[in-house]
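Student: I am new to this structure. Please show me how to read its features.

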Amino acid sequence: MKRRLTQEWELVFEAVRDELGDSAADHAKETAARKVLEWAERTCILIRPAVTEPFVTRGSLHILADDLRVGWHAEFRDRLAHLLESEASA
């Protein structure tokens, strides 16, 4: 289940990052992050044959985000690493 959700998220996330480009301004990155989050809120990925409710997909994606496996912002991994480094050195 986690693998399938992560793969689907990766397709959307990377497409949005490609569209954004490397030199995008912070405002554009925030707008792109909202696109990924909107996708996560609207998508319905069939995790199991009998599980067809969109709230299961939404909740599962948010659980993966809480576990730092997926994110919305194009730089979420870098920002998390910076925060974790700052926290560790404090």
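Tutor: Start with burial. Buried means under 20% relative accessible area, exposed over 50%, and partly exposed in between, with a 1.4 Å probe and protein chains only. Helices are DSSP runs of H or I with at least four residues, numbered from the N terminus. This is a predicted model: local features need pLDDT of at least 70, side-chain atom pairs count only at pLDDT 80 or more, and totals for chains, interfaces and linings use all residues. Residues are numbered from 1 along each chain as its sequence is written, and side-chain values use heavy atoms, leaving out hydrogens and water.

Student: Which residues are buried in α2?

Tutor: K29, A32, A33, V36, W39 and A40 are. They cover an arc of only 115° around the axis, so they sit on the same side of α2. The arc is that of the directions from the helix axis to the C-beta atoms. On the other side of α2, H27 and R42 are exposed.

Student: What do the buried residues of α2 pack against?

Tutor: Contact means heavy atoms within 4.5 Å. The buried residues of α2 pack against α1 (2-20) and α3.

Student: At what angle do α1 and α3 pack?

Tutor: Axes are lines fitted to C-alpha atoms, for helices over the stretch in contact, and angles run from 0 to 180 degrees between N-to-C directions. Here the angle is about 85°, and the axes of α1 and α3 are 10 Å apart. That makes α1 roughly perpendicular to α3. Angles under 35 degrees count as roughly parallel, over 145 as roughly antiparallel, 65 to 115 as roughly perpendicular and the rest as oblique.

Student: Which residues of α1 and α3 meet?

Tutor: K2, L5, T6 and W9 in α1 meet T57, S60, L61 and L64 in α3. The residues of this contact divide into four nonpolar, three polar and one charged. Ala, Val, Leu, Ile, Met, Phe, Trp, Tyr, Cys and Pro count as nonpolar; Asp, Glu, Lys and Arg as charged; the others, Gly among them, as polar.

Student: Now the loops. Where is T43 found?

Tutor: T43 is in the loop between α2 (26-42) and α3 (54-66). T43 has a relative accessible area of 15%, so T43 is buried. Not counting residues up to four places away in sequence, T43 touches P54, T57 and L61.

Student: Is L68 buried, exposed or partly exposed?

Tutor: L68 counts as partly exposed, because its relative accessibility is 45%. L68 lies in the loop between α3 and α4 (76-89). Its phi is near 65°, a positive value in a residue other than glycine.

Student: How many residues of α4 are buried?

Tutor: One of its 14 residues is, so α4 is hardly covered.

Terms used. Helix = DSSP H or I, 4+ residues; strand = E, 2+ residues; numbered from the N terminus.
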